[in-house]
Amino acid sequence: MARVAVLQIPGVNCEYETVRVLEEVGLEARIVRSNEPSSALADFDAFVLPGGFAFQDRIRAGAVAAKLPAVERIAAEAGEGKPVLGVCNGAQVLVEAGLVPGLERGAVEMALAPNRAPRRQGYLCRWTRVRAGQGPGAALWTSALEGDRVVPLPIAHGEGRFETADPAVAARIETGGLALFRYVDAEGSPAAHYPDDPNGAMLQAAGITNARGNVLALMPHPERGSWLFQVPLDWAGAWGERRRSAVGSRSALDEAGPGRFLFESLARHLGVPRAERVVA
Amino acid sequence: MSAVLRTRLKIADLTAWTALDAARKLLPAGHALRRLQREEIFVFEPAEGRGADFEGPLGHAIESSNFFVNPNKEQYRFLGAADRGAALVPPEGAWGILARARGETRDDGLRERLLREHPMNGLGSIRRGRLWWLWVEGPEGRSADLEACYRAVGPVTGSRRGLLVNPHSETDFKIDGPVSWDAVEAFLRAPAAPRREAA
């Protein structure tokens, strides 16, 4: 069975639900503490840096965690082509470690800056819509996404604005299709205004990969939208209708939610036979 | 000419502790980081054509409320335009990094809340920055190579290079001696240049 390490850095808070959804799609998931010897990260097929507040976001979100030996080890594994997913705070760590976009080896080429929206500052917790693109990460991270490529996902962050001060890096992210997930409005068009665009990120980016596509820094939390019961009752559109229809039925509520596709895609990539996966 | 408020924690600053610990691992060989301190800096600019008439009410608001400073955990220095002196002077033995957001440094939301709670006339903009002060010793008692130390713990350029500033969301300058307040104000006001063009 394919094995996934979920890195537990002091201050993260999403490791258990991440393990739960990884197991739901047929993967063996193990929480590895960041102060274990780096060798504890050997023999895994993929890595997840979950959400939370590593080191309480001291200095800057992800800044301290990015320098951990465990993250260096994961960077080396990413260099071998193994999948690495950073969700929210995990995304901030990947960016601060230079793994995303990772155009120049070892260089930090962007930031996850404080949210920017007119007359609004600080932490934002709400559901958004993202469109999955066709960049180099699409095969790995979206292969299980059938039909509509616009997916509702929840966000919960204060520093989620992908930003680079280097115009050449911005151009390569855009032309290379590295902004794999982008915020869109209810019609599926690029989000032009708050709240569809929750933070003012470049290219309305919700998730950016490296050029190879195997490392994904994703600000929304797919693990918090991996079961139908997690979808808000008042959500508009097909997912909201499914959610409302499921009221009163435990089995219906336990079906896959909109964020499940990401983990299903990872499981497919890692060769988990479909029979081993719990398919809703 | 602007008024200046500088605040810092008087209780243990855990962010500074963490920064100290992380920075020690990044310094050039032989260098020792003895101490690290973090300050917030607020610059209050008068409205167009106005003088310093807001300074009295502002000073009173700072002293008598916890809008900017909670006296249980923070200490502060508020200096009016006439009292602030010619230059920002590093603490004895320290050098520093002044950082600010790359985008707009004018905090209109803060100004709006301030004026709602503490009405005053003549206040234009409030701009913000962060000061990091570092006390570093060089090898064998020699003075530290400040340029190398700045590269090691200042702007992040690589996974093992830089710490205190992410140059894609912030901009900064090194303070290795007194810096005129005019230069500080200009730095806090000026638009940040794209990185490669600036290099």
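Biologist: In which loop is the place of Ser169(B)?

Modeller: This is a predicted model, in which local features need pLDDT of at least 70 and side-chain atom pairs count only at pLDDT 80 or more, while totals for chains, interfaces and linings use all residues. Side-chain values use heavy atoms, with hydrogens and water left out; residues are numbered from 1 along each chain as its sequence is written, and chains are lettered from A and ligands numbered from 1 in the order in which they are written. Helices (H or I, at least four residues) and strands (E, at least two) are DSSP runs, numbered from the N terminus. Ser169(B) is placed in the loop of chain B between H4 and E7.

Biologist: What relative accessibility does Ser169(B) have, and does this count as buried or exposed?

Modeller: Contact means heavy atoms within 4.5 Å, and Ser169(B) touches Ala111(A), Ala113(A), Arg100(B), Ala101(B) and Arg102(B), leaving aside residues up to four places away in sequence. A residue is buried under 20% relative accessible area, exposed over 50% and partly exposed in between, with a 1.4 Å probe and protein chains only. Ser169(B) therefore counts as buried, at 13%.

Biologist: What is the average twist from one strand to the next in the open sheet of chain B?

Modeller: Strands pair if DSSP finds at least two bridges between them, and axes are lines fitted to C-alpha atoms (for helices, over the stretch in contact), with angles from 0 to 180 degrees between N-to-C directions. In chain B, six strands form an open sheet in the order E3-E1-E2-E6-E5-E7, with antiparallel pairing. Its edge strands, E3 (74-79) and E7 (170-175), each pair on one side only. The twist from strand to strand averages 25°.

Biologist: Which helix of chain B packs on E5, E6 and E7?

Modeller: Within the sheet, E1 (residues 3-9) and E3 of chain B pair in the antiparallel sense over six bridges, and Val4(B) stands opposite Leu79(B). Helix H2 (residues 55-64) of chain B touches E1, E2 (32-46) and E3, with its direction at about 170° to that of E3(B). The helix that touches E5 (95-101), E6 (123-137) and E7 of chain B, with its direction at about 35° to that of E5(B), is H4 (residues 146-153).

Biologist: What phi does Cys88(A) have?

Modeller: Most residues other than glycine have a negative phi, and most peptide bonds are trans. Cys88(A) lies in the loop between E4 (84-87) and H3 of chain A, and it is buried, with a relative accessible area of 5%. Although Cys88(A) is a residue other than glycine, its phi is positive, near 55°.

Biologist: How many residues of H3(A) are buried?

Modeller: Among the elements covering the buried residues of H3(A) are E3, H2, E4, E5, E8 (161-163) and E11 (215-218) of chain A. Residues of the helix that are buried include Asn89(A), Gln92(A) and Glu96(A). H3(A) is mostly covered, and the buried count is eight of eight.

Biologist: What omega has the cis peptide bond between Tyr194(A) and Pro195(A)?

Modeller: Pro195(A) is found in the loop between E9 (181-183) and E10 (205-209) of chain A. The bond joining Tyr194(A) to Pro195(A) is cis, with an omega of about 5°.

Biologist: What is the radius of gyration of chain A?

Modeller: The radius is taken over C-alpha atoms, and the globule rule is 2.2 Å times the number of residues to the power 0.38. Chain A contains eight helices and eleven strands. The rule gives 19 Å for its 280 residues, so chain A is as compact as a globular protein of that length, with a radius of gyration of 17 Å.
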